[in-house]
Amino acid sequence: MTSNAPAATPGTVTVEKVGGRIGAVISGVRLGGGLDAATVAAIRAAVLEHKVVFFRDQQHLDADSHEAFGRLLGEPVAHPTVPAVDGRYTFAVDNDHGGRANQWHTDVTFVPAYPAFSILRAEVVTPYGGNTLWANTAAAYAQLPAPLKLLAENLRAEHTNVYDYATVRPESDFPEIKQFFEVFHSTRFRTEHPVVRVHPETGERTLLLGNFVNKLVGLRGADSRAIIAVLQSHIERPENTVRWQWRVGDVALWDNRATQHYGVDDSGDHTRVLRRVTIDGDVPVSVDGRRSTLLEPTSVPAPAYGIASGASTEGALPEA
């Protein structure tokens, strides 16, 4: 059991919980690509346990050192549809590029091997609002009543990147936002995932839902929406969440396989700029051992959407 007091780890690293079921602050670390193996192992253990960890005062980070730190956790991957700038893996999260998501989601679940970790750093913050929330999807599953666990374990869901941004931001009519979503939808992805996946490192069972879910496989629309709403409501329970108020130089690192997050759009017209690096993931496996399935497309080279080996597909994928 984890104590509420700071926990000593290799070197000067300390880990202090900020929420009962999710979230911790890591102190004593200057992030970058030169961290020793013991410190990296301590950070990885902390994020697996607490699902999201926060680092203050990392203003020294730039695109290079941000990516270099990411490489200590795995292989950085570009966004499947939004082009990288100058060949970098850093993805802008700002007012015009998904920075006002205002909805619960797990990053990039419309591909089979969606990212394992996401690393987000704050460059420009707003004078008020603009917080981000995270939810622990392992805790949400663990607290389901037995009948709902059994139901969820036998469900599969179709995830897609194609949805109507106007239903999320009905008040927005900015050309930049429309252009972003046109790029975001430039290649249509559809993937069938289990609703409950087994975490490859912790063995925990986690709920795999969020705003990229289009429908539950084999159910009519009304039933699908109702069941998704019930399960999603357990993820969003306040006791399963943590809320972070950003300061310049903050970095959040989360286990994308065991969380959802929500960027709160409550800062008016103020600009907020964050930079994200994502680390390649693995293909989810259900409780009964079935892997996720790529439904669409079947003609894009695997590196374009970070599919790890072992994904099943309806069509043959070309060699990389």
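Buried means under 20% relative accessible area, exposed over 50% and partly exposed in between, with a 1.4 Å probe and protein chains only. This is a predicted model, in which local features need pLDDT of at least 70, side-chain atom pairs count only at pLDDT 80 or more, and totals for chains, interfaces and linings use all residues. Residues are numbered from 1 along each chain as its sequence is written, and side-chain values use heavy atoms, leaving out hydrogens and water.

**View 1. Helix 1, residues 37-50.** Helices (H or I, at least four residues) and strands (E, at least two) are DSSP runs, numbered from the N terminus. The buried residues of helix 1 are T39, V40, A42, I43, A46, V47, L48 and H50. Their cover includes strand 2 (14-17), helix 2 (63-71) and strand 7 (117-124).

**View 2. The ends of helix 1.** D36 caps the N-terminal end, with a side-chain oxygen 3.1 Å from the backbone nitrogen of A38. Just after the helix, K51 takes a positive phi of about 75°.

**View 3. Strand 4 and its partners.** Two strands pair if DSSP finds at least two bridges between them. Strand 4 pairs with strand 3 in the parallel sense over 2 bridges; A24 has V53 as its bridge partner.

**View 4. T259 in strand 16 (residues 259-263).** T259 counts as buried because its relative accessibility is 1%. Its side chain reaches the backbone oxygen of D255 at 2.7 Å. Contact means heavy atoms within 4.5 Å. Not counting residues up to four places away in sequence, T259 touches I22, K51, T106, A135, T137 and W254.

Terms used:
Expected span 1.5 Å × (residues − 1). Polar contact = N/O pair within 3.5 Å; in protein donor to acceptor, adjacent residues only side chain to side chain.
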